[in-house]
Amino acid sequence: MTETIIGMGSNLDHPEEQVITACRELSRIPETVLVQMSSLYSSVPVGPQDQPNFVNSVALLRTELNPEQLLDALQDIENRHRRVRLRHWGPRTLDLDILFFGSAVIDTERLQIPHPEFRNRVFTVIPLLEILPDFRIPPENTPLQDIVGSLPSRDLEALQILRKNS
């Protein structure tokens, strides 16, 4: 099974509930096990600021699916949450991103792993640090802790502790 990190975010239609429900749905993806979920965090939007703050979390999964199959499953969950893509970095009911898929490096039209913006987003780095403090960023094997100091922590606020351990 491949360890996979999923970033989750929402800023519409009860965002906390959207993220918690999505995490439950992650646990029902075939050939996939939800190992752990970080706390929920509030973050300022990336891009247009004329929208509500986001609620974010990350989840650690183990899956037998390949990256494209997992992406399809994530997009099905987004669609069930009535995700609409009206503008780049705009408001959304749910956003699910594959941040890491084991140590894979993938760069296709449909999928980029590791997620190209991961290092710049406090709302993915801090939740990941919470659940995997010794995580090393592939492919260069950089300790996650090494990039924390360069992130704007003022843009992130812990909301509640919600974790599922296997």
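Author: Helices here are DSSP runs of H or I with at least four residues, strands are runs of E with at least two, and both are numbered from the N terminus. This is a predicted model, where local features need pLDDT of at least 70 and side-chain atom pairs 80 or more, while totals for chains, interfaces and linings use all residues. Residues count from 1 along each chain as its sequence is written, and side-chain values use heavy atoms, with hydrogens and water left out.

Reader: Okay, where does Glu31 sit?

Author: Glu31 is in the loop between H1 and strand E2 (32–37). Its phi is positive, near 60°, and Glu31 isn't a glycine.

Reader: What makes His14 count as buried or exposed?

Author: Exposed means over 50% relative accessible area, buried under 20%, and partly exposed in between (1.4 Å probe, protein chains only). His14 comes out at 52%, so it's exposed. Its phi is also positive, about 60°.

Reader: How do you know what span to expect for helix H2?

Author: You take 1.5 Å times one less than the number of residues. H2 (residues 67–80) has 14 residues, and its first-to-last C-alpha span of 20 Å is close to the expected 20 Å.

Reader: Which residues of H2 are buried, and why are they said to share a side?

Author: The buried ones are Pro67, Leu70, Leu71, Ala73, Leu74, Ile77 and Glu78. In general, an α-helix has 3.6 residues a turn, so residues three or four places apart point the same way.
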